[in-house]
Amino acid sequence: MNGTMEAGTATPAPTRAHARHVASDTDCDAFVRDIYEQYGPLLVRYAARLLDGDWHRAEDILQETAARAWKHAQQLSTRGEHIRPWLFTVARNLVIDHHRARQVRPLDLMPTEDLDTSRDGTESTITTCAVLEALGELNEQQRTVIRLMYYLECSGAQAAERLGIPPGTVKSRTFYAVRALRKALEKQGVLGV
């Protein structure tokens with residue numbers, strides 16, 4: 001990390017790109033390289049924390065932030081001390097945009113071509129019918145949480161976001177829904193007591 005220690009606080013030293021006026025593409029490339037070196041790990045951790053630990057999406061946020069910084073390299077390079085807040089603001093706004101888009105866009109479903117159809121479906125069909133019948137005995141809240149957690153394979157955080165409830169409540173509802181489903185399957189004789 002480029003920086004000096006004075007009176008117990010770290011102040012980042014200006015990098016090559018911060019110290020000079022950016023006049024060419026080579027300078028812009030060096031500017032972006034400096035951003036990755038100096039702020040990359042910090043921005044990824046920050047974005048991952050805002051994205052509930054989604055490190056892959058956080059890396060995408062870093063790339064988009066760097067691309068936007070590259071587009072504004074000439075304005076940003078002359079204000080070296082203002083680059084860090086600008087980068088973190090852009091990253092935060094990109095995460096907010098991601099969350100908004102997820103609320104509007106439905107979850108991605110698996111294409112039917114990817115389904116494994118090579119197995120004998122008789123036992124699977126019987127099991128599916130038994131589970132569907134048992135699901136019919138659950139209340140709507142229990143069916144919804146089971147659908148999100150097991151059929152759509154949402155994480156607890158994703159299900160909480162979709163339902164508009166805290167993740168702890170999702171865990172609790174999932175526990176009670178699975179317990180009720182197990183009782184319904186035992187009643188049908190599908191599961192042993």
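Which residues touch the most other members of the largest nonpolar core? They are Phe31, Leu43, Ile61, Ile83 and Leu87, out of 25 residues in that core. A nonpolar core here is a set of buried Ala, Val, Leu, Ile, Met, Phe, Trp, Tyr and Cys residues joined through side-chain atoms within 4.5 Å. Buried means under 20% relative accessible area, exposed means over 50%, and partly exposed lies in between (1.4 Å probe, protein chains only).

Before going on, a word on the model. It is predicted, and local features need pLDDT of at least 70, side-chain atom pairs count only at pLDDT 80 or more, while totals for chains, interfaces and linings use all residues. Residues are numbered from 1 along each chain as its sequence is written, and side-chain values use heavy atoms, with hydrogens and water left out.

**The chain and its cores**

The chain has 9 helices and 2 strands, where helices (H or I, at least four residues) and strands (E, at least two) are DSSP runs numbered from the N terminus. In sequence order the pattern is β-β-α-α-α-α-α-α-α-α-α. Of the 193 residues, 31% are buried.

Helix 2 gives the largest share, 10 residues. Another core, of 18 residues, lies apart from this one and includes Ala130, Val131, Val170 and Leu181.

**Aromatic pairs**

The whole structure holds 2 aromatic pairs. Rings of Phe, Tyr and Trp (its six-membered ring) pair if their centres lie within 6.5 Å; planes under 30 degrees apart count as stacked, over 60 as edge-to-face and the rest as tilted.

| Pair | Centre to centre | Angle of planes | Type |
|---|---|---|---|
| Tyr46 and Phe88 | 5.1 Å | 65° | edge-to-face |
| Phe175 and Tyr176 | 5.1 Å | 80° | edge-to-face |

Tyr46 sits in helix 2 and Phe88 in helix 5, 42 residues apart, so the pair links distant parts of the chain. Both Tyr46 and Phe88 are buried. Phe175 is partly exposed at 49% relative accessible area, and Tyr176 is partly exposed at 42%.

**Helix 7 against helix 9**

Helix 7 (residues 140–151) packs on helix 9 (residues 167–188) at about 105°, with axes 9 Å apart. That makes the two helices roughly perpendicular (65 to 115 degrees). Residues in contact (heavy atoms within 4.5 Å) include Val145 and Met149 of helix 7 and Tyr176 and Leu181 of helix 9. The contact residues divide into 10 nonpolar, 3 polar and 1 charged.

Definitions and conventions
Axes fitted to C-alpha atoms, helices over the stretch in contact; angles between N-to-C directions. Parallel < 35°, antiparallel > 145°, perpendicular 65-115°, else oblique. Nonpolar A, V, L, I, M, F, W, Y, C, P; charged D, E, K, R; others polar.
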